[in-house]
Amino acid sequence: MSKISIIGAGQVGAATAVRLVDMELVDEVVLFDVVDDMPQGKALDIAQSTPVVQKQVAIRGTNAYKDIADSDIVVVTAGFPRKPGMDRLDLLAKNIEINKSVSANIVTYAPRTIVLYVANPLDLMTYVCHKLTKFPAQRVFGMAGVLDTTRFRTFVAMETGYTIRDVQAQVMGGHGDAMVPLVRYCSVAGIPLTELLPKAKIDAIVDRTQKGGGEIVKLLKTGSAYYAPGAAVAQMCQAIVRDEKRILPVCAQLDGEYGYKGPFVGVPVVLGRKGVEKVLQLQLDAQEKALLAKSVSSLQEQLDEIEKGKMYQ
Ligand code: APR
């Protein structure tokens, strides 16, 4: 694999590009945006870092969709932030409009690519992109779980004092508040988290993780997180490009797994060169199943709203 394009050269798009260049994962990175000159400026700035960091990657900014041709992966971070006075549906409609234009151009210029969606509301946007591109679900999926788990892992390392290297975690379900943390599957060097921290501390970490995006928004005052999202996207790209077969939480389409058919939801998958190569089915206990059911049913309601309102046709 040799080319990754990023649609949306904002904060997350640019942070992702820097990571990809530093990892020297592919030969070429393309940064696309609708704003004139901005992606060209950011790409030139990143290109000028490459002699210092000694990374041989061609990075190019563009306002022309034709430049994404032959991409192996297209990362979509193009999105509209919530503005004062906009309700959830207004924001959804606006982001679906962006999704329509992005998906149509991906179909035209990069019909064989893998699409890695990042813009919010993630689970819904990934679903809409899959409907619009009509690509196999193996090639259309979203990034949320890797970010949620890396937040969880950070908090566990902070709380226990143990190295981040040994902390493992799994989450399922929708992104954000709808996230289903799987505490039973969290460990530090194989030692279950429940043996290392009291329940109250674990509950507080879960709560902080679910509200992790909001905590950063509050601190930044303008905009939302981008360093950790960029790192999470880059890790997923690496799993694909190097065919690592990593087991990562990914927003992927369920086709009967866990009893659901159709929605895109966070689940552990095997990620490799073909994209989502397998959805793993964990043996969830009753409480985890109930949390997942709640998460999926709230997603399904929103998907019904999108379908009923013919919002993407
Ligand atoms: N096509 C391409 N790019 C677009 C389009 C479009 N139709 N519409 C908007 N954009 C671009 C904007 O010009 C902007 O540069 O998308 C970029 C979004 O960048 P930021 O506003 O900086 O947002 P960012 O912080 O990067 O977040 C992007 O990722 O994490 C999610 O919730 C976040 O949905 C948001 C997305």
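The lining of the second largest pocket divides into 20 nonpolar, seven polar and six charged residues. Here Ala, Val, Leu, Ile, Met, Phe, Trp, Tyr, Cys and Pro count as nonpolar, Asp, Glu, Lys and Arg as charged, and the others, Gly among them, as polar. The model is predicted: local features need pLDDT of at least 70, side-chain atom pairs count only at pLDDT 80 or more, and totals for chains, interfaces and linings use all residues. Residues are numbered from 1 along each chain as its sequence is written, and side-chain values use heavy atoms, with hydrogens and water left out.

## The second largest pocket

This pocket has a volume of about 770 Å³. It is lined by 33 residues, and V146, T150, R151, T154 and A228 lie nearest its centre. Two or more lining residues come from each of α1, α6, α8, α9 (227–241) and β12. Helix α6 gives the most, with eight residues.

Some terms need their rules. On a 1 Å grid over the protein atoms alone, a pocket is an open set of points with protein on both sides within 12 Å along at least five of seven lines; a cavity is a set where a 1.4 Å probe fits but cannot get out; lining residues have an atom within 4 Å of a point. Grid points are joined across faces, edges and corners, and a volume is the space filled by probe spheres set on the points. Helices (H or I, at least four residues) and strands (E, at least two) are DSSP runs, numbered from the N terminus.

## The cavity

There is one cavity of 30 Å³ or more. The largest cavity holds about 60 Å³ of space. Its lining has 13 residues, with A144, G145, G173, G174 and G266 nearest the centre. The elements that supply two or more of the lining residues are α6 (145–160), β8 (171–173) and β12 (246–255). By class, this lining has six nonpolar, five polar and two charged residues.

## Two residues of helix α6

T149 is found in helix α6. T149 counts as buried because its relative accessibility is 5%. A polar atom of the T149 side chain lies 3.0 Å from the backbone oxygen of V146. F155 also has its place in helix α6. F155 counts as buried, at 10% relative accessibility. F155 and K310 are 155 residues apart along the chain, and their C-alpha atoms are separated by 41 Å.

Buried means under 20% relative accessible area, exposed means over 50%, and partly exposed lies in between (1.4 Å probe, protein chains only).

## Around the ligand

Nineteen is the count of residues around the ligand, and Q11, V12, D33, T77 and N120 come nearest. A residue is near a molecule if one of its heavy atoms lies within 4 Å of it.

| Residue | Atom of the residue | Distance to a ligand oxygen |
|---|---|---|
| V12 | backbone N or O | 2.8 Å |
| D33 | side-chain N or O | 2.6 Å |
| N120 | side-chain N or O | 2.8 Å |

Taken alone, the ligand exposes 730 Å², and the protein buries 79% of that. Accessible areas come from the Shrake-Rupley method with a 1.4 Å probe; for residues, only the protein chains shown count as cover. Helices α1 (11–23) and α4 (88–109) are the elements that give two or more residues to the shell around the ligand. This shell has 11 nonpolar, seven polar and one charged residues.

## Loops and backbone angles

The peptide bond from N120 to P121 is cis, with omega near -5°. P121 lies in the loop between β5 (114–117) and α5 (122–133).

Q54 is not a glycine, yet its phi is positive, near 60°. Its place is the loop between α3 (50–53) and β3 (58–62). Q54 is exposed, with a relative accessible area of 64%.

K245 also has a positive phi, near 55°. K245 is found in the loop between α9 and β12. K245 is partly exposed, because its relative accessible area is 40%.

K211 is in the loop between α7 (199–210) and α8 (212–220). K211 is partly exposed too, at 48%. K211 and Q253 are 42 residues apart in sequence and 24 Å apart in space, C-alpha to C-alpha.

Terms used: Polar contact = N/O pair within 3.5 Å; in protein donor to acceptor, adjacent residues only side chain to side chain.
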